[in-house]
Amino acid sequence: DWYCEWPHHYYGGRPEERPHSALAHTVAHDVQCATVLVSPPSLTLPQDILTELEASGLQYSQHSDIHDVIGFTNVLYVTRVQKERFSSVEEYNAVRSSYTITPRVLALVKESKFVLMHPLPRNDEISPDVDSDPRAAYFRQVQYGMYVRMALLSMVLGKS
């Protein structure tokens, strides 16, 4: 049986935004994949998505401090705080810098095959000092996504 720990960093904006909900829906279909959700209390996933995760049999836990879980993380999917999604600047400023992934944070990772992902663009949730770390996969992630979109467009347009 295939098993993974797939922690998600859901501090990057409103939990109902597309990257968060799409990823949660996708992970919910793999009941062998334990998921760790990390966010400030104000940015936790909506109850309907949590209910879907539970109904799928997915094991998950929720935390508010990345330091509590980074030591056993295999995949860390970080998202950004999107200022335009908040009703006030004060609300945005209260959570915008809740976490920043730095080389110091990555030094706490114990998993040998750790991967750091991000859908980009980013704000200050991942320090540029992390970009050269071979575990930082976000630039490859964006490149592979471009190839997938090119292939899909080619298929839709009937080109081989």
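# Close-ups of a predicted chain

With a relative accessibility of 27%, Asp124 falls in the partly exposed class; that class sits between buried, under 20% relative accessible area, and exposed, over 50% (1.4 Å probe, protein chains only). This is a predicted model, so local features need pLDDT of at least 70 and side-chain atom pairs count only at pLDDT 80 or more, while totals for chains, interfaces and linings use all residues. Residues are numbered from 1 along each chain as its sequence is written, and side-chain values use heavy atoms, leaving out hydrogens and water.

**View 1. Arg96 and Asp124 meet in a salt bridge.** Asp124 from the opening lines has Arg96 as its partner here, at 3.9 Å from N to O. A salt bridge means a side-chain nitrogen of Lys or Arg within 4 Å of a carboxyl oxygen of Asp or Glu. The pair ties together distant parts of the chain, 28 residues apart: Arg96 belongs to the loop between α3 (89–95) and α4, and Asp124 to the loop between β6 and α5. Arg96 is partly exposed too, at 33% relative accessible area. By this rule the salt bridges come to 3.

**View 2. Here are the salt bridges of Arg122 and Arg135.** Arg122 pairs with Asp131, their closest N and O atoms 2.7 Å apart. Both ends are partly exposed: Arg122 at 22% and Asp131 at 24%. For Arg135 and Asp133 the closest N and O atoms are 2.8 Å apart. In this pair Arg135 counts as partly exposed, because its relative accessible area is 24%, whereas Asp133 counts as buried, because its value is 18%.

**View 3. Strand β5 is covered on both faces.** In a regular strand, side chains alternate between the two faces of the sheet. Take residues 75–78: Val75 and Tyr77 point to one side, Leu76 and Val78 to the other, and all are buried. Look for Val75 opposite Val115 of β6.

View 4. A nonpolar core here is a set of buried Ala, Val, Leu, Ile, Met, Phe, Trp, Tyr and Cys residues joined through side-chain atoms within 4.5 Å. The largest has 18 residues, and Leu76, Ile101 and Leu116 have the most contacts inside it. The elements giving two or more residues to this core are β3 (33–38), β5 and α4 (103–106).

**View 5. A nonpolar patch sits on the surface.** Tyr144, Met146, Tyr147 and Met150 make up this patch, with about 430 Å² of accessible area together. Patch members have over 30% relative accessible area and no salt bridge; like charges are joined within 9 Å, nonpolar side chains (Val, Leu, Ile, Met, Phe, Trp, Tyr) within 5 Å. Areas come from the Shrake-Rupley method with a 1.4 Å probe, and for residues only the protein chains shown count as cover. Tyr147 has its place in helix α5 (residues 138–156) and is partly exposed at 42%.

**View 6. Zooming out, the chain has 5 helices and 6 strands.** These are DSSP runs numbered from the N terminus: helices are H or I, at least four residues, and strands are E, at least two. Along the sequence the order is β-β-α-β-α-β-β-α-α-β-α. Of the 160 residues, 41% count as buried.

Definitions and conventions
Pairing = 2+ DSSP bridges.
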